[in-house]
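Here is my note on this model, point by point. Please keep the structure open as you read.

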Amino acid sequence: MSACAASAPTLPPPRPIVNHQGARIRADHEEMKRVNEWVTREQANIVNDPSFWVVSNNTIAESFPWEGMRVAEDSVFVNQPLAGRDAQLVYQIYGHLHLMVEMGRQEEWLPEAPEAVGFELERAIVDRVADAWILGRTVFDTQPFAPMDELAYAKHFGYLDAFIFTARPGDFGSARTEWARANPGRTDEYREWFLETFNREPPGIRANE
């Protein structure tokens with residue numbers, strides 16, 4: 001994905017992607033052009049900016065970008081699943097955005113959420129990560145990778161909040177409570193959608209988690 005994003009002079013139309021249960025994502029071409037612009041800019045910053053380091057540590061676990069991510073002064077460390085090599089840039093983007101917040105560059109890299117904190121900040125970052133993966137899957141033919149595909153489908157079908165709150169039950173307590181009160185029944189609706197879409201429980205509920 002990183003090589004394609006950096007070198008493509010024009011963006012080809014996105015193709016639909018379909019999972020084993022027949023759930024389909026159809027990305028908008030103009031939206032993918034916009035996503036490609038900031039993904040390319042962010043990739044260039046990750047590679048070329050000498051003021052920080054984004055370090056990928058290989059792991060055999062099929063983890064999400066936030067699992068094991070650590071910011072330390074001018075560096076951020078992200079776990080990179082060996083099974084998801086095509087997702088490396090996406091995981092780096094997640095870490096890069098968190099590092100930019102710590103370095104006081106939030107407005108530069110998250111103009112849609114220049115003062116967001118807590119859950120709203122995390123949601124803005126995860127939203128971008130999901131868009132970057134949708135770009136890779138629909139435009140650059142990156143290979144399926146379960147954690148990122150689950151996130152991308154949840155974002156595309158309007159379940160991003162439910163996905164984050166369910167996958168990370170120990171985080172964002174007050175925001176979770178407010179969201180649940182404002183959206184009664186949404187968690188059950190999300191769970192039913194996830195089961196139908198992936199034929200398994202969502203992350204955060206699976207028996208082995």
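Where does Pro-50 lie? Pro-50 sits in the loop between H2 and S3.

1. **Ground rules.** This is a predicted model: local features need pLDDT of at least 70, side-chain atom pairs count only at pLDDT 80 or more, and totals for chains, interfaces and linings use all residues. Residues are numbered from 1 along each chain as its sequence is written, and side-chain values use heavy atoms, with hydrogens and water left out. Helices (H or I, at least four residues) and strands (E, at least two) are DSSP runs, numbered from the N terminus.

2. **Pro-50.** At 77% relative accessibility, Pro-50 counts as exposed. Buried means under 20% relative accessible area, exposed over 50%, and partly exposed in between, with a 1.4 Å probe and protein chains only. Pro-50 and Phe-165 are 115 residues apart along the chain, and their C-alpha atoms are separated by 35 Å.

3. **H2 against H3.** Two packed helices are described by the angle between their axes and the distance between the axes. The axes of helix H2 (residues 29–48) and helix H3 (residues 88–102) come within 10 Å and cross at roughly 75°. That makes H2 roughly perpendicular to H3. Axes are lines fitted to C-alpha atoms, for helices over the stretch in contact, and angles run from 0 to 180 degrees between N-to-C directions. Angles under 35 degrees count as roughly parallel, over 145 as roughly antiparallel, 65 to 115 as roughly perpendicular and the rest as oblique.

4. **Who touches whom there.** Contact means heavy atoms within 4.5 Å. H2 brings Trp-38, Val-39, Glu-42, Gln-43, Asn-45 and Ile-46. H3 brings Leu-89, Gln-92, Ile-93, His-96, Leu-97 and Met-100. The residues of this contact divide into 7 nonpolar, 4 polar and 1 charged. Ala, Val, Leu, Ile, Met, Phe, Trp, Tyr, Cys and Pro count as nonpolar, Asp, Glu, Lys and Arg as charged, and the others, Gly among them, as polar.

5. **The sheet.** Which order do the strands take? The open sheet of 3 strands runs S3-S5-S4, with mixed pairing. Two strands pair if DSSP finds at least two bridges between them. Strand S3 (53–59) and strand S4 (70–72) are the edge strands, and each pairs on one side only. Neighbouring strands are turned by 25° against each other on average, direction ignored. S4 and strand S5 (residues 75–81) run antiparallel and are joined by 3 bridges. Ala-72 stands opposite Ser-75 in S5. H3 packs on this sheet, touching S3, S4 and S5, and its direction makes about 160° with that of S5.

6. **Two residues with positive phi.** Most residues other than glycine have a negative phi. Glu-73, not a glycine, has a positive phi of about 55°. Glu-73 lies in the loop between S4 and S5 and is exposed, with a relative accessible area of 76%. Phe-172 also is not a glycine, and has a positive phi of about 60°. Phe-172 lies in the loop between H7 and H8.

7. **Aromatic pairs.** Rings of Phe, Tyr and Trp (its six-membered ring) pair if their centres lie within 6.5 Å; planes under 30 degrees apart count as stacked, over 60 as edge-to-face and the rest as tilted. The count comes to 16 aromatic pairs. Tyr-153 and Phe-198 form an edge-to-face pair, 5.6 Å centre to centre with 80° between the planes. Tyr-153 lies in helix H6 (residues 146–156) and Phe-198 in helix H9 (residues 186–198), so the pair ties together parts that are 45 residues apart in sequence. Tyr-153 is buried at 2%, and Phe-198 is buried at 14%. Phe-165 and Trp-179 form a tilted pair: 5.3 Å centre to centre, 45° between the planes.

8. **Helix H7.** Is H7 mostly covered or mostly open? H7 is mostly covered, with 8 of its 8 residues buried. What covers them includes helix H5 (118–139), H6, H8 and H9. The axes of H7 and H9 come within 10 Å and cross at roughly 90°. Ala-162, Phe-163 and Thr-166 in H7 meet Thr-187, Tyr-190 and Phe-194 in H9.
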